[in-house]
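Hi,

Here is the structure I said I would pass on. Please have a look, then read my notes below.

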Amino acid sequence: MSMRRVAVVGAGMTRFVRRAMETPKELAWHAARMALDSCGLTLKDVGGVCIGSAPDAFDGVHMKGEYLSDGSGAWGKPVMRSYVGGGTGVFLGPHGWYHVASGLFDVVLVVAEEKMSSFHPHAQAAFLTIFDHTTERPLEPNLLWIFALEMNRYMQTYGISKRDIAQVAVKNKRNAADHPCAMLGEASITVEDVLNSEVLAWPVQRLDVSPVSDGAVAIVMAAEGVAERITDRPVWVQGVGWNLDTAYWTNRDLAYPEYVERAARMAYEMAGVREPRKEIHIVEPYDPFDYKELHHLEGLLLADRGKAPELTAQGVTGRGGAMPVCPSGGLLGVGNPIAAAGLMKVAELFWQLRGEAGARQVPGTPERGLAQAWGDLMQVGTVTILGTQRPA
Amino acid sequence: MMHPVAIIGVGWSGFRPVTPDVSYKELIYEAAVRAYADAGVDPRRDVDSFVTVSEDFHEGTSIFDEYVPDQIGGAQRPVHTITGDGLHGLAAAAMQILTGRFRVVVVEGHSKASNILTLPHITAYAMDPILNRPLRANPLAVAGLEACRYMHESGTTREQCAAVVVKNRRNALRNPAAAFGADLRTEDVLVSEAVASPLARLEISDHADGAIVLVLADAETAGRLSPRPAWIRGIGWANDSPSLESRSWARAVYAEQAAAMAYKMAGIGNPAEEIQFAEVDDTYAYKELQHLEALGLCSLGRAGPLTVEGATAPDGCLPINVSGGSLGVGHLLEASGLARVLEVVLQLRGQAGSRQLGDVYTGLAQSWRGVPTTSGAVAVLSNQLGGRES
Amino acid sequence: MTQRIASYPGTTLSEEQIEQGRVLSVHDRLRADYTWDAGLAIGLYLDGLKAGVILGVRCARCDRTVVPPRAFCEQCFAPMDAFVPLADVGIVNTFSLCYVTWDVKRIAEPLIPAVIDLDGTSPPAGIMHLLGGIAPDRVHIGMRVRAVWKPARARQGAITDIRYFKPHRRG
């Protein structure tokens, strides 16, 4: 079975800000425009469009994908919006991939946009509606509950401390100081800063969390034969995977994200990766909270269960370490406009693998990177593996 | 197409104006169990990927994809949502199979419209929040504007639109799944209350609850499991402008473009001759006529007269919406396109009971996402690989 | 990104700019009202809560008993109709001390959400609810808790018929 090979050939992104003046369509357009410009293409060259954006509730716009379609370059084109909650941004990797690998499209424009600031008084309140309308919503849960519950279970199960976890926030926010689009980059933040920050929902404190953001990211994907004409350095989609666990999240073991492992295995198998800890050179796991980076590294089989904090403490996951994790600065550092944040990780791999990440560039010649996002009720894992080598 | 894709299983539950005895999960489970029995697959073992279609504001839940996997057998499997019509979901599933990496992919769509207390408001929230919504117009006005311009440019009359209603609701009488079968006369439609002129109440489809699950497979699996696969010869989808200020008001450009994409893939050069029957969107009566012309099944202005002449009746030369369409079956929100495909598949299999159209081999299903969108999709299906041999 | 890019789009606004009308904005308040059919499984669950009982359901094929009840087993896909009353006691699987309401207001006394694995479920299955009747610094994973119900006449057939779970000593 020989699958049509697909590559990422261009990328662009807006700054991630707390409250953007630009409308959602304008944010999408900026990112899409930059992505096309980055590889010298115009809308005429684009066969189809893939949009990703998380809850319509933020914008108060029903069928938000339709509303975003013109800003995303989809006037007069086939366009589809995929949606797996927080996993959406990295799911755009598989989504764009199957558009092109199917043979139906040679070039697709993939756009992720999020404007959370429209929702008043605070976007966090919109998350009330993600809970089951009958069995959970009447308890008036705050979004922080599910993270705090999971974080506590993870800490308790493996004996991990707040201090261990806070290192991730420090690493990523410091990394983000080198990202031109970052909202929360801070070159001199310390573990003490994190541990002294306001307790929101213990064990979650303010600096453990990435806040509400607005922003957009876009990439261009093209088929083999076409990609090489667009750029002399296409970055190939080597593997994709996704997995959605049961909605009954309170029946599951929150200490381990099994759905991330399943998504990762699906992607590793497609990529022919047998020893991920050796073969994945850059990792961009989803880090809306600092403990999540650790949780996800374990689910990605890149660290033993409960042992990811040690890798952080040893500097293994620093930009100059043996396995750089979130060299972009992640959500904790760059910001979290949900779908755009996920696609930002895919774009980061694209830039890193081409040596174009500027001050964030990981040393050496990384050949393969993995981006992962998470979403829903501790429920979905989405994985995209990119590499400099054309798949066999 | 490199690796042909076929629909090998269909299941549905409903369609009824209210379904108070079951939750949406139970409604979908029923459709899923039927589809898997029909296809001869175990979802926990044989299905490689699942695609569902839904919109948060129709469910009253944000990130609704959280709640989709269990009732379709997708827990801990590759599952994703498309915020589109069922035909967009079908396209997503077909593309996955065409990559060569997936052999069996499931598509699910449903409606619990009866549970939405403020549906007209929610439809209005699809309108531009800055440029259009402050006008506080009923979103049906957008359909009224379009109907007005379409009738002006095509010469279509109100009587011709009414004939669509009469035909489709009468067709629904022979569809055991339909919610709104009725024996109406043209006059009944014309005197029903004006809602957003020229639309009268009986020209607007009512909503129904229901769920539809389809099982798609690659050629080898289809050959093994299905006595009569419904091959997807072509699929297309497209958007015109979402902006009211920038769109074509008379033509369903999205349908023209979606059809062009599907026809090209299917190798159809003369749709009026090669498509034997079709299920098209008739959310409002005039839309059926506008869509027939956009699909190239007849020329501009001819759909109305053809309907009055009986050409699109079940015994006519181009049966349209033999199922009853949305007007007769009930509008199923995102599942509407799946209801159109469902009928095409049943007809191609010879399983349409008293609605059976005799020997048919190529049918078309088309969907539209409703006001205020200009988004739609088209699928061309056949019970023969390679089209029109016998 | 390529060093050729000189600047990145995205213009920051402050809350004050919007509040003080220095930036044009449009406000809308949505009416999104729903009435969700509870259906068979959750309908029975709610009836049970009204009667002061927490119902679970058993899958004979998988030999598992779960809560909240559902009409089908999501693992083996068989229908489930063996509803079983569960004890209203369980073990705290995880908890949090939350100082922020759902609509982002600060509160002095924390709410204590928890996942409580209920006795009688197998393998242990939990529901989300609140803990109460305990000082926040005494809550711990693994503690046994018991439901505190509203009086029968005040129960409506809702998850809030249980006010909270409080510490429970065996025997």
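Start in chain C: C:C59 has C:R64 in β2(C) as its bridge partner. That pair belongs to an antiparallel pairing of β1 (residues 54-59) of chain C with β2(C), over 3 bridges. Strands here are DSSP E runs of at least two residues, helices are H or I runs of at least four, and both are numbered from the N terminus. Two strands count as paired if DSSP finds at least two bridges between them.

Before going on, the conventions. This is a predicted model, with local features needing pLDDT of at least 70, side-chain atom pairs counting only at pLDDT 80 or more, and totals for chains, interfaces and linings using all residues. Residues are numbered from 1 along each chain as its sequence is written, and chains are lettered from A and ligands numbered from 1 in the order in which they are written.

**The sheet in chain C**

The open sheet has 3 strands in the order β2-β1-β3, with antiparallel pairing. Its edge strands are β2 (64-66) and β3 (82-86) of chain C, each pairing on one side only. Neighbouring strands are turned by 35° against each other on average, direction ignored. Helix α2 (residues 39-50) of chain C packs on this sheet and touches β1 and β3 of chain C. The direction of α2 makes about 145° with that of β1(C). Axes are lines fitted to C-alpha atoms, for helices over the stretch in contact, and angles run from 0 to 180 degrees between N-to-C directions.

**Chain C against chain A**

Here 43 residues of chain C are in contact with 46 residues of chain A (C-beta atoms, placed from the backbone, within 7 Å). β7(C) gives the largest share of the chain C side, 5 residues. Strand β5 (residues 199-202) of chain A runs antiparallel to β5(C), joined by 2 bridges. In that pairing A:A201 stands opposite C:C98.

**Chain B against chain A**

This contact takes 50 residues from each of chain B and chain A. α4(B) gives the most to the chain B side, with 5 residues. Strand β3 (residues 79-83) of chain A and β3(B) run antiparallel, joined by 2 bridges. A:Y83 stands opposite B:T81.

**A helix in chain A**

In α11 (residues 290-299) of chain A, 10 of 10 residues are buried (20 or more other C-beta atoms within 10 Å of a residue's own; exposed is 12 or fewer, partly exposed in between; C-beta atoms placed from the backbone). Just after α11(A), A:L301 takes a positive phi of about 70°.

Best wishes

Note on methods:
Two residues are in contact if their C-beta atoms, placed from the backbone, lie within 7 Å.
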